[in-house]
Amino acid sequence: MARNHPRPHRDRRLTPARSPAVRPSVPPPVRPAARPIAHTRPSPEDTVPTTHQVLVNHEGQYALYPATRETPDGWTPAGFDGTEDECAGFVDAQWPDTRPLSLRGA
């Protein structure tokens, strides 16, 4: 590949002499000790088994949501409550085609 500009001249007289065989002995860097992980207080949902509810939106998409919380805007209860695994099984049975309704009809 041709270059549009010449290679810059490097004056070797200005470069200090190098000895390839001689390298100073440098000890490996010292890494600081690992700090302990800061423990945060777990949320009650992480420590207590939570009952979930299955929600559905206007596009026919399902979601699992803690039953103790207020239903978010845009979602309605699908009429099933249980453990997370039970709710996931219900969703798998009810929602085989995971595309939104607007795409299923196309």
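**Close-up views of a predicted model**

View 1. W75 is a residue of strand β3. The model shown here and in the other views is predicted. W75 is partly exposed, and its relative accessible area is 26%. G60 and W75 are separated by 15 residues in sequence, and their C-alpha atoms are 9.8 Å apart in space.

**View 2. The open sheet of three strands.** The strands are arranged in the order β2-β1-β3, and their pairing is antiparallel. The edges are formed by β2 (62-66) and β3 (75-82); each has a single partner strand, so one side of each has no neighbour in the sheet. On average, and with direction ignored, neighbouring strands are turned by 35 degrees against each other. Five bridges join strand β1 (residues 52-57) to β2 in the antiparallel sense. Across this pairing, V54 stands opposite L64 of β2.

**View 3. Helix α2 on the sheet.** Helix α2 packs on the sheet and touches β1, β2 and β3. The direction of α2 makes about 120 degrees with that of β3. V91 has contacts with V54, Y62 and L64, when residues up to four places away in sequence are not counted.

**View 4. The largest nonpolar core.** Five residues make up this core: V54, C87, F90, V91 and W95. Helix α2 (residues 84-94) supplies three of them, the largest share. W95 is buried, with a relative accessible area of 17%, which is under the 20% cut-off for that class. In soluble globular proteins, nonpolar side chains tend to be buried together.

**View 5. The aromatic pair Y62 and W95.** The structure contains two aromatic pairs. In the pair of Y62 and W95, the ring centres are 5.7 Å apart and the planes stand at 50 degrees, so the pair is tilted. Y62 belongs to strand β2, whereas W95 lies in the loop between α2 and α3 (101-104), so the pair ties together parts that are 33 residues apart in sequence.

**View 6. The aromatic pair F80 and F90.** The rings of F80 and F90 have centres 4.6 Å apart and planes at 0 degrees, so this pair is stacked. F80 is located in strand β3 and F90 in helix α2, so the pair ties together parts that are ten residues apart in sequence. F80 is partly exposed, with a relative accessible area of 25%. F90 is also one of the residues of the largest nonpolar core.

**View 7. The elements placed in the whole chain.** The protein has three helices and three strands, and along the sequence they follow the pattern α-β-β-β-α-α. Of the 106 residues in the protein, 14% are buried. Among contacts with a separation of 6 or more, 40% are between residues 24 or more positions apart. The protein exposes about 10000 Å², and 55% of this area is supplied by carbon and sulfur atoms.

Methods:
Residues numbered from 1 in each chain as written. Predicted model: local features only at pLDDT ≥ 70, side-chain atom pairs only at ≥ 80, totals over all residues. Heavy atoms only, no water. Core = buried A, V, L, I, M, F, W, Y, C linked by side-chain atoms within 4.5 Å. Buried < 20%, exposed > 50% of the residue type's maximum accessible area, 1.4 Å probe, protein only. Helix = DSSP H or I, 4+ residues; strand = E, 2+ residues; numbered from the N terminus. Contact = heavy atoms within 4.5 Å. Areas by Shrake-Rupley, 256 points an atom, 1.4 Å probe, with all protein chains shown as cover. Pairing = 2+ DSSP bridges. Axes fitted to C-alpha atoms, helices over the stretch in contact; angles between N-to-C directions. Phe/Tyr/Trp six-rings, centres within 6.5 Å; stacked < 30°, edge-to-face > 60°.
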